Amino acid sequence: MNFYVTSGTPDYMEKLIAKNPQHPLILLHGNGNSVVLHETDKKSIFAVPRKFEVIAQDGQFTQKGYFTFFNMPIMSDERPVFEKKALDVIPALNTNDAVIAYRLLRPVKAETYLFIIQWGGPASYEVWKASDEYKTSFAPVFEGTTQVLQSMFNSSSYITTYSAASKE
């Protein structure tokens, strides 16, 4: 499955959504910019997409809630190790009732992996981020908080957050 992400101004992204009602697009608004997500087995409809392969998933993204994007620039020779570690910890999310859906995405022509999680709201994410499970299992892998895992990252990982306005 292919996963595409494009970004731009809120006005432009809303026009993109309006022009493509036949596609299952998700519009998210963040701090100063907006992104549109498109998951398909076909080519992208975006002019300048970031292309990913889905390597782990659960649930279906919907046009509601709160999204966290873990951005992880991984060195090419460390990709198999990173993916193994990520795939080992992700199943714990399946028991978290606050998680609506998630995707672990491998970049096709770049080095930054994305791990996108959809939550019911920002409070659900904050509770999870403060949990021992997050600090001991997720942060070491997705934020590179241990010395061993830091060596896999080309640069610092970072988290971006977005809100999805419900369709009217």
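Biologist: What makes you say that both faces of strand 5 are covered?

Modeller: On one side sit Tyr-66, Thr-68, Phe-70 and Met-72, on the other Phe-67, Phe-69, Asn-71 and Pro-73, and all are buried. Buried means under 20% relative accessible area, exposed over 50%, and partly exposed in between, with a 1.4 Å probe and protein chains only. Eight of the eight residues of strand 5 pass as buried, so the strand is largely enclosed by the rest of the structure. Keep in mind that this is a predicted model: local features need pLDDT of at least 70 and side-chain atom pairs pLDDT 80 or more, while totals for chains, interfaces and linings use all residues. Residues are numbered from 1 along each chain as its sequence is written, and side-chain values use heavy atoms, with hydrogens and water left out.

Biologist: How do you know which strands pair with strand 5?

Modeller: Pairing takes at least two bridges found by DSSP between two strands. Strand 5 has eight bridges to strand 7 and six to strand 8 (residues 158–163), so both count as pairs. Strand 5 runs antiparallel to strand 7 and also antiparallel to strand 8. For landmarks, Met-72 has Tyr-113 of strand 7 as its bridge partner, and Phe-67 stands opposite Tyr-162 in strand 8. The strands themselves are DSSP runs of E, at least two residues long; helices are runs of H or I of at least four, and both are numbered from the N terminus.

Biologist: Which residues is Trp-128 in contact with?

Modeller: Contact means heavy atoms within 4.5 Å. Setting aside neighbours within four places in sequence, Trp-128 has several, including Phe-70, Ile-117, Trp-119 and Phe-138.

Biologist: What makes Glu-53 and Arg-106 a salt bridge?

Modeller: The rule wants a side-chain nitrogen of Lys or Arg within 4 Å of a carboxyl oxygen of Asp or Glu. Here the N to O distance is 2.9 Å, so the pair qualifies. Glu-53 is in strand 4 (residues 50–58) and Arg-106 in strand 6, so the bridge ties together parts 53 residues apart in sequence. Glu-83 also meets Arg-106, at 2.7 Å, and that pair links helix 2 with strand 6, 23 residues apart in sequence. Through shared partners, Glu-53, Glu-83 and Arg-106 form one network. The total by this rule is four salt bridges.

Biologist: Are the members of that trio buried or partly exposed?

Modeller: Glu-83, at 12% relative accessibility, counts as buried. Glu-53, at 32%, is partly exposed, and Arg-106, at 23%, is partly exposed too.
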